[in-house]
Number of protein chains: 2
Amino acid sequence: MKSDIILLGHGSGGTLSHQLLDSLIIPILSQVAPGEQNDAAILPEQSGRLAFTTDSFVVDPIFFPGGNIGDLAVNGTVNDLAMAGATPLYLSVGLILEEGLPIEDLRRILESMRQAADIAGVRIVTGDTKVVPRGKADRIFINTSGVGLLEHELEIGGSGARIGDQILINGTIGDHGMAVLASREGLELKSDMKTDCVPLNSLVAKILAAGGSDVHVLRDPTRGGVATTLKEISLQSKAEITLDESGLPIHATVAAACSILGLDPLFVANEGKLLVVVAPESAEAVLAAMHSCPHGGDSTRIGEVTGAGEGKLRLRTAIGGLRSIEMLAGEQLPRIC
Amino acid sequence: MKSDIILLGHGSGGTLSHQLLDSLIIPILSQVAPGEQNDAAILPEQSGRLAFTTDSFVVDPIFFPGGNIGDLAVNGTVNDLAMAGATPLYLSVGLILEEGLPIEDLRRILESMRQAADIAGVRIVTGDTKVVPRGKADRIFINTSGVGLLEHELEIGGSGARIGDQILINGTIGDHGMAVLASREGLELKSDMKTDCVPLNSLVAKILAAGGSDVHVLRDPTRGGVATTLKEISLQSKAEITLDESGLPIHATVAAACSILGLDPLFVANEGKLLVVVAPESAEAVLAAMHSCPHGGDSTRIGEVTGAGEGKLRLRTAIGGLRSIEMLAGEQLPRIC
């Protein structure tokens, strides 16, 4: 690259665009040969239903403890496909770059994307790059869309929760949101907190193998956290969900930081967690399968579906009381993904 | 909607996010029932190869003569699928909104997207909405990704041009770029120019029916215009292409505006045009098929593949000379899509 920052011309479609693509983006992300670049990628025929999803990432800061906007963008879309019960196969990458972004930052982000894609076993097959003038974006925004394959006939979706179902989670809550916030605000605590961002597709495969059709809902509690996600499931399934406060896994540092800042960890975003709503007869088997996975060692039961009731989410407090949990109106933590 | 502008909270995942989704975005774009919102859309099994593409749109201004960023975003991705020879089926929509965007502007844009999707015959099946603070984006950026089906065994791609192939286009060049520029700069000429943005999938279907395997390349000359697109085809196919200057269809107003502003219409973006590289024996049949289509009435031959040569693009001038055309380095017209 002749320039060490992104110029408007890198988004023009001319020689600067081609240089950026041929010398940086394509070699790192996809290794498509120069003669094979077309307007769309051609994917082989798949036998089975497909899952299709999209997510844009605008996290601030773009680098934070344990990750950056690049691996976040890959894992976020991989996980959305996994939550539909699909095997993630192909990703697209749409970059919106602000003029002046250091090429070195872009390189680090792209390398993280590639590494995350390799770990998750997905291929980045198509992309697009736009550049906007200084002050018209914030360094880099990334859209990833994904296509996955449903290799089974199961129906996994937010409306599947039934009375008696158990609510499982694969580890501590609030890590991602607090790591990003601490990094953004320059909090001293930052060194003790890092994002939990990981791909969850292999964990989901194990869960489905163990629970089969008893797995009713899979959902990753990203924006809005565990509380908002469970509230959505409660609304979709018309089912009352009760959480056990004493069973909620929270890192001590995250709990302390939330306490200092007046934040409720139940509403803080996660990027490597999933909630499983599973029939009680399969809960133990699913939990055991989760424990055997790299990203499931700390899996635990945090609540259950306790009755009918659209949008009813309650917390059984440590001293035995019941508190109703409402969705937040607006922003607790803006731009955490 | 209680607010008449976009607030940060509309991107939080909380109740404001749900309101925006349930009262505006979903009813207009996709009409997915509230109980059916999941992290990914499930698509029925398709028999055949698939095409997958992505494009982010950052056009400035967001409203311009003949269209806006919404129908541009839908048609742009529909056309990328069509250029791969695919029937466009499903779109995703990723919105990045700047705090303060008038809800009414968003509504107009979403309605244009829906209308464009209906006309092109594609379904918007999944989406994502993020909000960034004032000054961190420019009103609205839209990513559309798309999945299409190849209903044939043809190999359409940039490397397929052969010596003797004819270069066809479906109408005048430079309309979109000049309409956006005139609108952005407040030029007096603006009323005479409007975008050519349309979906090209039905035109492509007719072209493939008429030309079959003699259709070697389909490409829409968007960013970088006709010259850059042909240069890319020349590079990919290692084939010299010669254009006839006198045969280039250009609206008089566009030609005049380009002349005043010192722009070369060959490098100005189009959003409703396609270039067809077709074997000479099928050129007449394809041209006749194009003429029978709503967006092909002004189709014409503009050049041919005249020899071997990687990246060689030449213009046969009106007085019979030959001029070599090079790609532009950077920006002739930034942010036209």
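Visitor: Is B:F141 buried or exposed?
Guide: In this predicted model, B:F141 is buried, because its relative accessible area is 1%.

Visitor: And what about A:F141, buried or exposed?
Guide: A:F141 counts as buried, at 1% relative accessibility.

Visitor: How are the rings of A:F141 and B:F141 arranged?
Guide: Their centres are 6.3 Å apart and their planes stand at 50 degrees, so the pair is tilted. The pair crosses between chains: A:F141 belongs to strand β7 (residues 140–149) of chain A, and B:F141 to strand β7 (residues 140–149) of chain B.

Visitor: How many aromatic pairs are there over all chains?
Guide: The count comes to two aromatic pairs over all chains. A:F52 and B:F52 form an edge-to-face pair, with 6.4 Å from centre to centre and 85 degrees between the planes.

Visitor: Where do A:F52 and B:F52 lie?
Guide: A:F52 is in strand β2 (residues 50–57) of chain A and B:F52 is in strand β2 (residues 50–57) of chain B, so this pair joins two chains.

Visitor: Are those two buried or exposed?
Guide: A:F52 counts as buried at 0% relative accessibility, and B:F52 counts as buried at 0% as well.

Visitor: Turning to helices, how do α2 and α3 of chain A pack?
Guide: Helix α2 (residues 69–83) of chain A packs on helix α3 (residues 103–120) of chain A at an angle of about 30 degrees, and their axes are 7 Å apart. Because angles under 35 degrees count as roughly parallel, α2(A) is roughly parallel to α3(A).

Visitor: Is the crossing of α2(A) and α3(A) left-handed or right-handed?
Guide: The crossing of α2(A) and α3(A) is right-handed.

Visitor: Which residues make that contact?
Guide: From α2(A), the contact is made by A:I69, A:G70, A:D71, A:A73, A:V74, A:N75 and A:V78. From α3(A), it is made by A:I109, A:S112, A:M113, A:A116, A:A117 and A:A120. The residues of this contact divide into nine nonpolar, three polar and one charged.

Visitor: One more topic: where is B:L275?
Guide: B:L275 is placed in strand β11 (residues 275–278) of chain B. The residue is buried, with a relative accessible area of 0%.

Visitor: What is B:L275 in contact with, leaving aside its neighbours within four places in sequence?
Guide: Leaving those neighbours aside, the contacts of B:L275 include B:I167, B:L168, B:I169, B:V217, B:L218 and B:I302. Also among them are B:R219, B:P221, B:V226, B:T229 and B:L230.

Visitor: How far apart are B:L275 and B:N170 in sequence and in space?
Guide: B:L275 and B:N170 are 105 residues apart in sequence and 7.3 Å apart in space, taken from C-alpha to C-alpha.

How values were computed. Residues are numbered from 1 along each chain as its sequence is written. Chains are lettered from A and ligands numbered from 1 in the order in which they are written. This is a predicted model: local features need pLDDT of at least 70, side-chain atom pairs count only at pLDDT 80 or more; totals for chains, interfaces and linings use all residues. Side-chain values use heavy atoms; hydrogens and water are left out. Axes are lines fitted to C-alpha atoms, for helices over the stretch in contact, and angles run from 0 to 180 degrees between N-to-C directions. Helices (H or I, at least four residues) and strands (E, at least two) are DSSP runs, numbered from the N terminus. Angles under 35 degrees count as roughly parallel, over 145 as roughly antiparallel, 65 to 115 as roughly perpendicular and the rest as oblique. A crossing is left-handed if the near helix is turned anticlockwise from the far one by less than a right angle, and right-handed if clockwise. Contact means heavy atoms within 4.5 Å. Ala, Val, Leu, Ile, Met, Phe, Trp, Tyr, Cys and Pro count as nonpolar, Asp, Glu, Lys and Arg as charged, and the others, Gly among them, as polar. Rings of Phe, Tyr and Trp (its six-membered ring) pair if their centres lie within 6.5 Å; planes under 30 degrees apart count as stacked, over 60 as edge-to-face and the rest as tilted. Buried means under 20% relative accessible area, exposed over 50%, partly exposed in between (1.4 Å probe, protein chains only).
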